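Biologist: Can you walk me through this structure? I'd like to start with the core and then go over the charged and aromatic side chains.

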Amino acid sequence: MANQSSSFQALKQEWQTKWAAMAPRERQITLVAAWLAGLTLLIMVGVRPAWRTLSDAPAQLRDLDGQLDQMRRLADETQMLKQRPPVPPAQSEAALKSATDRLGAGAKLVIQGDRATLTLNKVSGDALASWLDEARGAARAKPTEAGLMQVEPGVYSGNIVLALGPGSGGGR
């Protein structure tokens with residue numbers, strides 16, 4: 001510690017000697033350069049990050065507003081689903097079978113008790129999305145497991161397991 005203090009004192013003494021040896025014009029140029037370096041450092045460390053944050057804030061706020069709107073829509077949809085009356089098992093099964101028939105030969109539905117398993121073989125993503133909407137809405141079935149693979153762009157194969165019955169619709 002004493003070594004650092006004496007080293008600092010030596011540097012200070014050397015600087016003071018050089019300062020005293022400078023012409024007044026050199027001192028003025030050195031002071032201006034030091035002020036410019038200090039101002040540059042202040043701008044780079046203090047002002048620039050704050051300025052960047054202020055300029056990025058509107059875009060971030062728009063993104064967050066969009067996310068909030070989406071969350072509100074999902075919450076409204078959840079409330080709507082909770083308020084829907086349960087579908088009788090026979091009607092639920094009929095709705096699932098009807099939706100599955102529209103998928104064509106690439107889909108097979110097996111219903112066992114309160115579970116339904118859909119096996120897919122090369123079904124388009126759009127058709128699958130429509131099927132899921134109908135299963136959720138008309139049959140009040142809730143997907144509990146899914147094992148899907150994209151075999152071609154926009155084409156899927158795999159299994160989807162659904163829970164049927166009163167607790168599977170909008171009740172949770």
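**Core and side-chain pairs**

Modeller: The largest nonpolar core has 18 residues, and those with the most contacts inside it are Leu96, Leu103, Leu118, Leu120, Trp131 and Leu162. Bear in mind that this is a predicted model.

Biologist: What does Trp131 touch, leaving out residues up to four places away in sequence?

Modeller: Trp131 touches Leu96, Ala99, Thr100, Leu103, Leu118 and Leu162.

Biologist: New topic. How many salt bridges does the structure hold?

Modeller: Two. In one, the side chains of Arg102 and Glu134 meet at 2.4 Å, N to O. Arg102 is in helix α3 and Glu134 in helix α4, so this pair ties together parts that are 32 residues apart in sequence.

Biologist: Are those two buried or exposed?

Modeller: Arg102 counts as exposed, at 53% relative accessibility. Glu134 is partly exposed, at 24%.

Biologist: And which residue forms a salt bridge with Glu14?

Modeller: Lys18, with the closest N and O atoms 3.7 Å apart. Glu14 and Lys18 are four residues apart in helix α1, so about one helical turn separates them. Glu14 is partly exposed, with a relative accessible area of 43%. Lys18 is also partly exposed, at 47%.

Biologist: What about Arg140: where is the nearest side chain of opposite charge?

Modeller: That is Glu134, 11 Å away. Arg140 is buried yet has no salt bridge. Arg140 lies in the loop between α4 and β3 (142–152).

Biologist: Which backbone oxygen lies 3.3 Å from a polar atom of the Arg140 side chain?

Modeller: The one of Pro85.

Biologist: Last one. How many aromatic pairs are there?

Modeller: One. Trp15 and Trp19 form a tilted pair, with 6.0 Å centre to centre and 40 degrees between the planes.

Biologist: How many residues apart are Trp15 and Trp19 in helix α1?

Modeller: Four, so they are separated by about one helical turn of α1 (residues 2–21). Trp15 counts as partly exposed, at 45% relative accessibility. Trp19 is partly exposed as well, at 26%.

Technical notes. Residues are numbered from 1 along each chain as its sequence is written. This is a predicted model: local features need pLDDT of at least 70, side-chain atom pairs count only at pLDDT 80 or more; totals for chains, interfaces and linings use all residues. Side-chain values use heavy atoms; hydrogens and water are left out. A nonpolar core is a set of buried Ala, Val, Leu, Ile, Met, Phe, Trp, Tyr and Cys residues joined through side-chain atoms within 4.5 Å. Buried means under 20% relative accessible area, exposed over 50%, partly exposed in between (1.4 Å probe, protein chains only). Contact means heavy atoms within 4.5 Å. Rings of Phe, Tyr and Trp (its six-membered ring) pair if their centres lie within 6.5 Å; planes under 30 degrees apart count as stacked, over 60 as edge-to-face and the rest as tilted. Helices (H or I, at least four residues) and strands (E, at least two) are DSSP runs, numbered from the N terminus. Lys and Arg count as positive and Asp and Glu as negative; His and the chain ends are not counted. A salt bridge is a side-chain nitrogen of Lys or Arg within 4 Å of a carboxyl oxygen of Asp or Glu. A polar contact is a pair of N or O atoms within 3.5 Å; within protein, one must be able to donate a hydrogen and the other to accept it, and residues adjacent in sequence count only if both atoms are side-chain atoms.
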